[in-house]
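Please open the model in your viewer and keep the sequence at hand.

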Amino acid sequence: MTARIITEEHLNHPQSQTAFRNVKLLVGCYLGLSMLTLVAIVLLRDNTAIVTPAVWVRGTIVVASALLTTFFAAQMARGSRGGYLRLRLVSAIMLVAIVVIIALPGTFPLWMKIEQGVCGLLLLGVVGVVNSKHLRSTFTTK
């Protein structure tokens, strides 16, 4: 076993399993919503009042980050310390970016801000779980 993988005991602990399940559910919803949003952007592409260039860019970035977040969550659930750390970073960075998106006046249409708000709530849940005392101690245990 390498130093980057947590022990089976920690991995199979009931609190760890619950945390992994919750994170995978939240991240899966984030990915699903992000992909549905990108599909809506493509379908509504001819309506420039609803789909602006900023919406295209943001929608694409969110799908990419959701895919990465899903990958990191899967790595974490398999016991990877690196996956856990990357998930902590990406989820927190995306949450801050979403707060900025919502706060910026006029850059994004209201529907996109609402969608980003829902994504933000999902990521807030992820940030809460991955920064819990149990997971932090699980992934820092030598």
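## First stop: a glycine

Begin by selecting G117, which is partly exposed, with a relative accessible area of 22%. Please bear in mind throughout that the model is predicted. G117 has its place in helix 5. Display its surroundings next: if residues up to four places away in sequence are not counted, G117 touches I98 and I102. G117 and G82 are 35 residues apart along the chain, and their C-alpha atoms are separated by 28 Å.

## The whole chain

Now zoom out and colour the chain by secondary structure. How many helices and how many strands are there in the chain? There are 6 helices and 0 strands, so that the pattern read along the sequence is α-α-α-α-α-α. Along the principal axes, the C-alpha atoms of the chain fill a box of roughly 55 × 25 × 20 Å.

Of the 142 residues, 41% count as buried. Among the contacts in the chain with a separation of 6 or more, 73% are between residues 24 or more positions apart.

Select residues 133–140, which make up helix 6. Which residues of helix 6 are buried? They are H134, L135, T138 and F139. These residues cover an arc of only 115° around the axis, which puts them on the same side of helix 6.

Next, show what the buried residues of helix 6 pack against. Their partners are helix 1 (8–11), helix 2 (14–43), helix 3 (53–77), helix 4 (81–103) and helix 5 (110–130).

## T138, seen from within helix 6

Remain in helix 6 and centre the view on T138. A residue counts as buried under 20% relative accessible area. T138 has a relative accessible area of 2%, and therefore it is buried. Not counting residues up to four places away in sequence, T138 touches I6, H10 and S16. For a distance across the model, select I102 as well: T138 and I102 are 36 residues apart along the chain, and their C-alpha atoms are separated by 34 Å.

## The aromatic rings

Show the side chains of F20, Y84 and F139, which ring pairs link into a cluster. The structure holds 3 aromatic pairs. One of them is formed by Y84 and F139; this pair is stacked, with 4.3 Å centre to centre and 5° between the planes. Why does this pair tie together parts that are 55 residues apart in sequence? Y84 lies in helix 4 and F139 in helix 6, and so the pair joins parts with that separation along the chain. Both Y84 and F139 are buried.

## A nonpolar patch on the surface

Return to the surface view and select V42, W56, V57 and I61. These residues form a nonpolar patch, with about 320 Å² of accessible area together. The largest share of the patch, 3 residues, comes from helix 3. V57 is found in helix 3.

## A loop and an exposed alanine

Now move to T52, in the loop between helix 2 and helix 3. Leaving aside its neighbours within four places in sequence, T52 is in contact with T107 and P109.

Is A103 buried or exposed? The relative accessible area of A103 is 59%, so A103 is exposed. Select K113 together with A103 to conclude the tour: the two are 10 residues apart along the chain, and their C-alpha atoms are separated by 8.8 Å.

Methods. Residues numbered from 1 in each chain as written. Predicted model: local features only at pLDDT ≥ 70, side-chain atom pairs only at ≥ 80, totals over all residues. Heavy atoms only, no water. Buried < 20%, exposed > 50% of the residue type's maximum accessible area, 1.4 Å probe, protein only. Helix = DSSP H or I, 4+ residues; strand = E, 2+ residues; numbered from the N terminus. Arc of directions from axis to C-beta. Contact = heavy atoms within 4.5 Å. Patch = residues over 30% accessible without salt bridge, like charges linked within 9 Å, V, L, I, M, F, W, Y side chains within 5 Å. Areas by Shrake-Rupley, 256 points an atom, 1.4 Å probe, with all protein chains shown as cover. Salt bridge = Lys/Arg side-chain N within 4 Å of Asp/Glu carboxyl O. Phe/Tyr/Trp six-rings, centres within 6.5 Å; stacked < 30°, edge-to-face > 60°.
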